[in-house]
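Subject: Structure for your review

Dear colleague,

Please find below the structure that I am handing over to you, together with its sequence. My findings follow it.

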Amino acid sequence: MSPRTATTAVAVHPLLADRWSPRSFDATHTITDEELVPLLEAARWAPSARNLQPWRFLVGRRGDEAYRRLLATLVPGNQLWAGNSSLLVAAVAAERREDGTPHQGAAYDTGLAVAQLSVQAHALGLHAHQMGGFDPERLRVSLGVPDGYRPLSITAIGALAAADLLPKELRDRETAARERRPLTETFFAESWGDPLPVGTDASPS
Ligand SMILES: Cc1cc2nc3c(=O)[nH]c(=O)nc-3n(C[C@H](O)[C@H](O)[C@H](O)COP(=O)(O)O)c2cc1C
């Protein structure tokens, strides 16, 4: 258990409680195939509606051209720190099914695949930090994403480095308390807003 571990009413699996999104990545760490392939497999084996697997991914390792292009699409606030990560993974969703009809659930399924990738990263002793702060049009052009596919996120993955290596403003965010809306405001029962009665009176953050 680390100081970043989630405060939960009862214990949840350590992979979930201990996962968090750092900004301080070790710029000397390089990702091996032994780390990379399980990450890809964890995403590939996510469930999806009718097993349509609407996700595709663009993957760059620090030092290669894909990584440079992905990094360049990030907003400045993310570029500040994400360039020390070992891997950048853009998640892209197919907006149409093979028969050409719109796929309303594509983003839902693709987010789930990224969640699996993030948890697998943690299981490997790495950390993952998802980002919506990037320019999807720039990504589309610079990495050749075809029409009908929508870039949704870029995830930085790597080994954790000490928070005090970050610039001051980022350091404060790195060590700020992790919080969540209470259970009672998140899970409802008979009607919207009625807290689900469960066997704990805790309102964990
Ligand atoms: C879809 C998505 C987009 C996000 N975009 C950004 C981002 O652009 N920049 C950033 O620093 N963090 C981003 N985050 C990280 C969240 O801020 C972070 O997950 C949240 O504060 C909870 O912290 P935790 O992951 O450590 O529990 C994003 C997370 C998700 C899931």
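In this predicted model, strands β1 and β2 pair in the antiparallel sense, over 7 bridges. One of the residues concerned is Val59, whose bridge partner in β2 is Val89.

This pair belongs to an open sheet of 4 strands, arranged in the order β1-β2-β4-β3 with antiparallel pairing. The edges are taken by β1 (55–61) and β3 (127–131); each has a single partner strand, so one side of each lacks a neighbour in the sheet. From one strand to the next, the twist averages 25 degrees.

Helix α2 (residues 33–44) touches β1, β2 and β4, and its direction makes about 165 degrees with that of β1. Helix α5 (residues 106–123) touches β1, β2, β3 and β4, and its direction makes about 155 degrees with that of β2.

Helix α5 also holds His122. This histidine counts as buried because its relative accessibility is 17%, under the 20% limit. Leaving out residues up to four places away in sequence, His122 touches Pro14, Leu15, Asp18, Arg19 and His127.

I turn next to the nonpolar residues. In soluble globular proteins, nonpolar side chains tend to be buried together. The largest nonpolar core here has 19 residues, of which Trp81, Leu88, Met131, Leu139 and Ile154 touch the most other members. Two or more residues of this core come from each of α3 (65–73), α4 (76–82), β2 (87–94), α6 (136–143) and β4 (149–158). Beyond its neighbours within four places in sequence, Met131 is in contact with Leu74, Asn78, Trp81, Ala82, Leu88, Ser153, Ile154, Thr155 and Ala156.

Finally, I draw your attention to Glu174, which is found in helix α7 (residues 168–175). Glu174 is buried but has no salt bridge. Its nearest side chain of opposite charge is that of Arg23, 4.5 Å away, whereas a salt bridge requires a distance within 4 Å. With residues up to four places away in sequence not counted, Glu174 touches Arg4, Trp20, Pro22, Arg23, Ser24, Ala163 and Leu166.

Yours sincerely

Conventions: Residues are numbered from 1 along each chain as its sequence is written. This is a predicted model: local features need pLDDT of at least 70, side-chain atom pairs count only at pLDDT 80 or more; totals for chains, interfaces and linings use all residues. Side-chain values use heavy atoms; hydrogens and water are left out. Buried means under 20% relative accessible area, exposed over 50%, partly exposed in between (1.4 Å probe, protein chains only). Lys and Arg count as positive and Asp and Glu as negative; His and the chain ends are not counted. Contact means heavy atoms within 4.5 Å. A nonpolar core is a set of buried Ala, Val, Leu, Ile, Met, Phe, Trp, Tyr and Cys residues joined through side-chain atoms within 4.5 Å. Two strands pair if DSSP finds at least two bridges between them. Axes are lines fitted to C-alpha atoms, for helices over the stretch in contact, and angles run from 0 to 180 degrees between N-to-C directions.
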